[in-house]
Amino acid sequence: MRSSYRNRIALNFTLGTGLLVALVFLLIYYIVSATVFNRLEKDLGYELEKHFYEVGVQRGEPYFADKAEWLEREHSELEINPVFVVLANLSGNVIDKSPNLKNDSLKLHFSTADHAVFKTTLRGLTLAQVQLTIKENNRPAGYILVAMPIDESERVLFNLKVVLLAAFPAVLAILFVFTRYIAGRSIQPVLTVIETASKISNDNMGSRIPVPVVRDELHLLVTTLNELMTRVEHAIEREKRFTADASHELRTPLAVIKGTLEVLVRKPRSADEYISKISFCIAEMDRINHLVDQLLLLTRFESQQKAMDMGAVDLSELTGNVLARHQQQIVEKKLSVDLETDGSHLVYSDPYMTDIILDNIISNAVKYSTGPAGIIIRITTSGETTQYSVTDQGIGIDPNDITRIRDAFYRSAPLSHPEVKGSGLGLSIVSRMCEMLGVDFSIHSQLGKGTQVTLSFAILSQS
C-alpha cells in the first residue's frame with residue numbers, strides 16, 4: 001500500500017502536538033482545581049478560626065459565648081453558599097449547631113487531624129469539612145466542626161473536564177487536516193522536482209531541474225541533484241567517447257593482423273616469410289595489449305576509483321629505473337641521455353602514479369627522438385617546489401596541436417611520421433594523473449626542434 005508523505009508528516013506532527021495539547025489541558029485542569037480548592041480551604045480555615053474564638057468552655061463542655069449575635073449572622077438560613085457549624089462533645093454528640101442545619105448535623109471524624117479538610121455529604125450535597133479540638137487547660141473539652149458545600153465547585157471542574165475531553169479529539173482532527181493541507185503545499189515543489197527529473201533521459205541529459213528562488217533546503221537539494229546530473233552526463237559522455245575511440249583504435253591493428261594472415265595463407269611460403277609475418281603479427285598484438293593496458297589505466301583514473309597512496313618519492317631514483325626499462329631502445333636509436341641532478345630529490349606524491357607519469361614522458365622523448373640526438377632530464381629544487389623537466393631534440397609538435405595534445409587518442413600529425421607507433425593516450429594519462437596529484441604539467445615545443453615537458457612537484461616536508 002502506497003503511503004502518502006504528507007499524511008505521515010501530518011500524523012507525526014499531530015501526534016507530537018497532541019501530546020503537548022494533552023499536557024496543556026491537564027495543566028489547565030490542575031491549576032483550576034488547585035485554585036478552587038485552595039480558595040475553599042482558605043474560606044473554611046477563616047470560618048473555623050472565627051467561630052473557634054467565639055466558643056467558650058463551661059462545665060467541661062464547649063458553648064457559644066454570644067449565641068444571640070451568632071444566630072443573627074449568616075448561619076440562620078440556607079444560603080447559596082452556606083456555612084454549617086456544629087459544636088460537639090468529646091463523644092461526638094451535638095451540643096449546638098447552626099440553624100441552617102435544621103434537623104441534620106455534621107458528623108465528627110475522630111481519625112481526622114485538626115485543620116485537615118475532607119469531603120463528606122449532607123442532604124445529597126457534597127461538603128468540604130474541617131474540625132478543630134477545643135481545649136481547656138490543655139485538655140480536650142469538645143470539637144467545633146465547620147463545613148461548606150462544594151457542589152458548585154465540583155460542577156465547574158466536571159464541566160471543565162467534559163469540555164477539555166471533548167475539545168481534545170476535535171483539536172487533533174482540526175490539527176491533522178490543517179497540517180496535511182500545509183504539508184501538501186510544502187511538498188508541492190518536491191513533486192515538481194520529481195516530475196521534472198522523471199522527464200530527463202539519455203536523449204536530454206542536458207536538461208536541469210529549475211532551481212527555486214528561495215535559498216532553503218529544497219534549493220540545496222535541487223542544486224545537488226543538478227550537480228549529480230552534470231557528473232552523470234560527463235560520465236556518459238566519457239563512456240561514449242571511450243567506446244568510440246577504443247573501437248576505432250583497436251580496429252586498425254586487428255585489420256592489419258587479419259590482412260597479414262589472409263595473405264600468408266593464400267599460398268605456401270618459405271620459413272623466413274612465415275617467421276617475418278608471424279613476428280609482425282606478434283608485434284601488432286603487443287601493440288593491442290599495450291593499448292588495452294593504457295585504456296584500462298585511463299578509465300580507472302577517469303572514474304577516480306584508485307585510492308592514492310601519498311608518500312616520499314625520490315625522483316632521481318625513479319628516473320634511473322625508468323631509463324633502465326628503456327635502455328635497449330635508447331641504445332638502438334643511439335641516443336644520448338643526460339641526467340642533471342645533484343642527488344636525491346624527495347617529493348610528496350604517489351609512487352605508482354609518479355612512475356607512470358615519468359615513464360610516459362621519457363618514453364615519448366625516446367620515441368620521437370632520432371640519433372644521435374640527446375635527451376636532457378633536469379631535476380632542480382627551489383623553495384618548496386621541485387622542477388622536473390625532460391627536453392628532447394625530436395620532431396616537435398605543431399603549436400596549433402599543443403592545446404589538443406592532452407586529449408585521449410589525439411596524435412599530432414601522425415601521417416608525417418608513420419614510422420612512430422602510438423595510441424595518443426600517453427599524455428592524456430599524464431595530464432589526468434598530474435591533476436589528481438596536484439602536479440603542475442606544462443609542454444613547450446617547436447616543430448622540428450624538439451619538446452620540453454616540465455613537472456612541478458611539492459617537496460617532502462622535513463617536519
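View 1. The model is a predicted one, in which local features need pLDDT of at least 70 and side-chain atom pairs count only at pLDDT 80 or more, while totals for chains, interfaces and linings use all residues. Residues are numbered from 1 along each chain as its sequence is written, and side-chain values use heavy atoms, with hydrogens and water left out. Leu26 belongs to helix α1 (residues 5–52); helices (H or I, at least four residues) and strands (E, at least two) are DSSP runs numbered from the N terminus. Together, Leu19, Leu23 and Leu26 make a nonpolar surface patch of about 330 Å². Patches are made of residues with over 30% relative accessible area and no salt bridge, like charges being joined within 9 Å and nonpolar side chains (Val, Leu, Ile, Met, Phe, Trp, Tyr) within 5 Å. A salt bridge is a side-chain nitrogen of Lys or Arg within 4 Å of a carboxyl oxygen of Asp or Glu. Accessible areas come from the Shrake-Rupley method with a 1.4 Å probe, and for residues only the protein chains shown count as cover.

**View 2. An open antiparallel sheet.** In the order β4-β3-β7-β6-β5, 5 strands form an open sheet with antiparallel pairing; two strands pair if DSSP finds at least two bridges between them. At the edges stand β4 (94–97) and β5 (118–122), each with a single partner strand, so one side of each has no neighbour in the sheet. From one strand to the next, the twist averages 35 degrees; axes are lines fitted to C-alpha atoms, for helices over the stretch in contact, and angles run from 0 to 180 degrees between N-to-C directions. Strand β3 (residues 84–88) runs antiparallel to β4 and is joined to it by 3 bridges. Leu87 lies opposite Asp96 in β4.

**View 3. Asn137 and Asn138 in a loop.** The loop between β6 (125–136) and β7 (139–149) contains Asn137, and Asn138 is also found between β6 and β7. Although not a glycine, Asn137 has a positive phi of about 55 degrees. Asn138, likewise a residue other than glycine, has a positive phi near 65 degrees. Asn137 counts as exposed because its relative accessibility is 69%, and Asn138 is exposed at 73%.

**View 4. Cys281 and Cys434.** Cys281 counts as buried because its relative accessibility is 8%. Cys434 is buried, with a relative accessible area of 2%. In the whole structure, a search finds 0 disulfides, a disulfide being a pair of cysteine sulfur atoms within 2.5 Å.

Methods
Buried < 20%, exposed > 50% of the residue type's maximum accessible area, 1.4 Å probe, protein only.
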